Amino acid sequence: MADVKQASVSQSSTESEAEKDRRWRLVLGADPEENDGLSESDKRLNAALSAVYGSGESAKGRGSLSRSAPKVSQWLGDIRSFFPTSVVQVVQKDAFERLGLKQMLMEPEFLSAIEADVHLVADLVSLRSVMPEKTVDTARQVIQKVVDELMQRLEQKTSESIRGAINKSKKTFRPRFNDIDWHRTIHANLRHYQRDYNTIVPEKLVGFMRQQRRITDLDEVILCVDQSGSMATSVVYSSIFAAVMASIPAVKTQLVCFDTAVIDMTEELQDPVSVLFGVQLGGGTDINQAVAYCEEKIERPSKTHLILITDLFEGGDEKALKARVANLIRQDVNVITLLALSDDGKPAYDSTMAADFAAIGSPVFACTPDQFPELMATALKREDVLAWAANQDIKTVRAPEI
């Protein structure tokens, strides 16, 4: 019996050493000539990772996917079979940056195989003008798929948050279903509790009275979005939110995109994909010119919310920009400056300009897509945006101390 146990321990130790050896070889990258000790699955995994993270020595066949669409499609299939979607997207992004794979986005075969996300959409939008005609339709299909997924994720929360920002100070006993105050309704009908059915008969409904709002009473939201290259994912999310908000009767929504030129996308908001195909990512930045355009669109300052989405790296007239924003705030325009609308973490921005905007009176911070609906609800109710940001653990830019 002792001999059997000893043999079992010895075998287990050998297997453990073999697994350690396998893992180290995969981590360090096994040369093709030294792949004999790896299984066929491990060889595929090693080749897929070596193509992106190898040393780049052509003699070893590393650091290259070449410009072969079938080869890249096979590579994409391999990494998808070994890793979850979140990891696949990271590896794809590294491949774009390390190997210059953006040229492969011109190939329909590549686009049909790739794991799409918001970063890929930004890449496709930026390359749209140089895409061959055969690729444009495939690119549009890829973008449509991502946009549909994002709309499904963000639309309900956005609609509920913005509709919830209406005036609920008055009560009515004939509310619409969505306006029922269930707490007060239950309390008012406790005497109608039916013990046999374990329920309450709501003989009397209590709810919120919606004001009948004319067009002249509507709040207006202008999303003014920097479409320079560094703001790519912010443009994607802004377009989607603008499309959602445009479908809500309670607000009037406009979308303005800019670099050194200004393009008004408001008329295209029923189709977010058309909006994205209408922007041109990259180029310089003239924020002052864009804010001047938005200023001309404002008819009722006290009803207007200007959401300026930019990293504040101004290529135009900084002094005029700050004076223009200060003037809008004095007119009671609700000016909120978002340094980014993305999931990417801490954005790069002009810290001096950001501090100056904060001193003028515009809240300045970055925001994730999941936080944006509540931000808009807070803005529409004219509540303290900085207090909301603090409750969300969002770091805001503060005015410089004098």
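1. Two strands pair if DSSP finds at least two bridges between them. Keep that rule in mind for what follows. The model is predicted. In this model, β8 and β9 pair in the parallel sense, and five bridges join them.

2. From β8 the path runs through α12 and on to β9. This β-α-β crossover is right-handed. Helix α12 covers residues 318–330, and β9 covers 334–341. Strand β8 covers 304–309.

3. Is β9 mostly covered or mostly open? Of its eight residues, eight are buried. The strand is thus described as mostly covered. Strand β9 also pairs with β10, again in the parallel sense, here over three bridges. Within this pairing, Leu 338 has Phe 365 in β10 as its bridge partner. Keep Phe 365 in view, as the next point returns to that residue.

4. Phe 365 also takes part in a ring pair. Its ring and that of Trp 388 have centres 6.3 Å apart, with planes at 45 degrees. Why is this pair called tilted? Planes under 30 degrees apart count as stacked and those over 60 as edge-to-face, so the rest are tilted. At 45 degrees, the Phe 365 and Trp 388 pair is therefore tilted. Phe 365 lies in strand β10 (residues 364–367) and Trp 388 in helix α15 (residues 385–391), so the pair ties together parts that are 23 residues apart in sequence. Both Phe 365 and Trp 388 are buried.

5. How many aromatic pairs does the structure hold? There are two. The other one joins Phe 241 and Phe 372, with ring centres 4.6 Å apart. Their planes stand at 40 degrees, so this pair is tilted. Phe 241 sits in helix α9 (residues 232–246), while Phe 372 sits in helix α14 (residues 372–380). The two are 131 residues apart, so check both ends of the link in the viewer. Phe 241 and Phe 372 are both buried.

6. Turn to charged side chains. A search of the whole structure finds six salt bridges. One of them joins Arg 300 and Glu 220, at 3.1 Å from N to O. Arg 300 is in the loop between α11 (287–297) and β8, and Glu 220 is in strand β5 (residues 219–226). This pair links distant parts of the chain, 80 residues apart. Is Glu 220 buried or exposed? Buried means under 20% relative accessible area. Glu 220 has 3% relative accessibility, so it counts as buried.

7. A further salt bridge joins Arg 382 and Asp 332, at 3.6 Å from N to O. Arg 382 lies in the loop between α14 and α15, and Asp 332 in the loop between α12 and β9, so the pair ties together parts that are 50 residues apart in sequence. Arg 382 is partly exposed, with a relative accessible area of 34%. Asp 332 is partly exposed as well, at 39%.

8. Which residue does Glu 383 meet in a salt bridge? Its partner is Lys 381, at 3.9 Å from N to O. Glu 383 is partly exposed, at 44% relative accessible area. Lys 381 is partly exposed too, at 39%.

Key. Residues are numbered from 1 along each chain as its sequence is written. This is a predicted model: local features need pLDDT of at least 70, side-chain atom pairs count only at pLDDT 80 or more; totals for chains, interfaces and linings use all residues. Side-chain values use heavy atoms; hydrogens and water are left out. Rings of Phe, Tyr and Trp (its six-membered ring) pair if their centres lie within 6.5 Å; planes under 30 degrees apart count as stacked, over 60 as edge-to-face and the rest as tilted. Helices (H or I, at least four residues) and strands (E, at least two) are DSSP runs, numbered from the N terminus. Buried means under 20% relative accessible area, exposed over 50%, partly exposed in between (1.4 Å probe, protein chains only). A salt bridge is a side-chain nitrogen of Lys or Arg within 4 Å of a carboxyl oxygen of Asp or Glu. A crossover is right-handed if, with the strands pointing away from the viewer, the path from the first strand over the helix to the second runs clockwise.
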